[in-house]
Amino acid sequence: ARRAAESRCRALFDDSPAGLFRSTVTGQLLECNDSFARILGYGSRAELEGGSTAQLYFVATDRERFLDELRRKGGLEHFEERLRTKSGAELFVLTAARLFEPTEAGAEPFVQGSVLDITALRQTEAALRESEAHARDLVENSQDLICTQDLEGNLLTVNEASVTLTGFSRTALLKMNVADLLAPE
């Protein structure tokens, strides 16, 4: 029964799409799964296991922040950090980890956790922020009156040209209905 349970746990570890790892607090990678190796651009876990996590893949400032938080809290959930791939590129990951105290005398504490690559998400968010800033710049610097309104016609946003063309302050305009700006005819 014990061997069967260990086999099931090993299969979960090996087959997980999340990158799973176990390392010493001082930075030696004790064990990882193939997903962890793939996330970091390595062909197999054998290329990583036994190496130094600090030298292999942590971005230095994030390693210190990770260890400080881990020591302070004992465990981390949804911890964003940057790791370095085999090629040297940086990627963003979401990490969950726990600090375990050793059960054997003389052994050092170890860290066990998982990482998910969120680089594409962060790049998409950055592109969206850039696109929104560009659109906001176009609207705000347009010489035409541009506004948004709700279904009842209440003004929700107005650009600077709206203020200049109507003579009302932005605050006053945002308290108005679009019908208030239309000529009666």
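**Exercise 1. Find how many aromatic pairs a search of the whole structure gives, and describe the one formed by phenylalanine 100 and phenylalanine 110.**

Solution. The search of the whole structure returns 3 aromatic pairs, where rings of Phe, Tyr and Trp (its six-membered ring) pair if their centres lie within 6.5 Å, and where planes under 30 degrees apart count as stacked, over 60 as edge-to-face and the rest as tilted. One of them joins phenylalanine 100 and phenylalanine 110, whose ring centres lie 5.1 Å apart with 10° between the planes, and this pair is stacked.

The model is a predicted one, in which local features need pLDDT of at least 70 and side-chain atom pairs count only at pLDDT 80 or more, while totals for chains, interfaces and linings use all residues. Residues are numbered from 1 along each chain as its sequence is written, and side-chain values use heavy atoms, with hydrogens and water left out.

**Exercise 2. Locate alanine 105 and state whether it is buried or exposed.**

Solution. Alanine 105 sits in the loop between S4 and S5. Its relative accessible area is 83%, so alanine 105 is exposed.

**Exercise 3. Describe the overall layout and dimensions of the protein.**

Solution. Begin with the elements: there are 7 helices and 7 strands, taken as DSSP runs (helices H or I, at least four residues; strands E, at least two) and numbered from the N terminus. Their order from the N terminus is α-β-β-α-α-α-β-β-β-α-β-β-α-α. Then turn to the dimensions, where the C-alpha trace spans about 85 × 35 × 30 Å along its principal axes. The radius of gyration is 27 Å, whereas a compact globule of 185 residues would have one near 16 Å; this radius is taken over C-alpha atoms, and the globule rule is 2.2 Å times the number of residues to the power 0.38. Of the 185 residues, 31% count as buried.

**Exercise 4. Work out what surrounds the side chain of asparagine 177.**

Solution. Asparagine 177 lies in the segment after helix H7 (170-173), and it is buried, with a relative accessible area of 18%. A polar atom of its side chain lies 2.8 Å from the backbone oxygen of glutamate 152, and a polar atom of that side chain also lies 2.9 Å from the backbone nitrogen of alanine 179. With neighbours within four places in sequence left aside, asparagine 177 is in contact (heavy atoms within 4.5 Å) with Glu152, Gly153 and Asn154.

**Exercise 5. Explain why cysteine 32 is too far from the closest cysteine sulfur for a bond.**

Solution. The search of the whole structure finds 0 disulfides, a disulfide being a pair of cysteine sulfur atoms within 2.5 Å. For cysteine 32, the closest cysteine sulfur is in cysteine 9, and because the separation is 18 Å, the two are too far apart for a bond. Cysteine 32 is buried, at 0% relative accessibility, whereas cysteine 147 is partly exposed at 28%.

Note on methods. Buried < 20%, exposed > 50% of the residue type's maximum accessible area, 1.4 Å probe, protein only. Polar contact = N/O pair within 3.5 Å; in protein donor to acceptor, adjacent residues only side chain to side chain.
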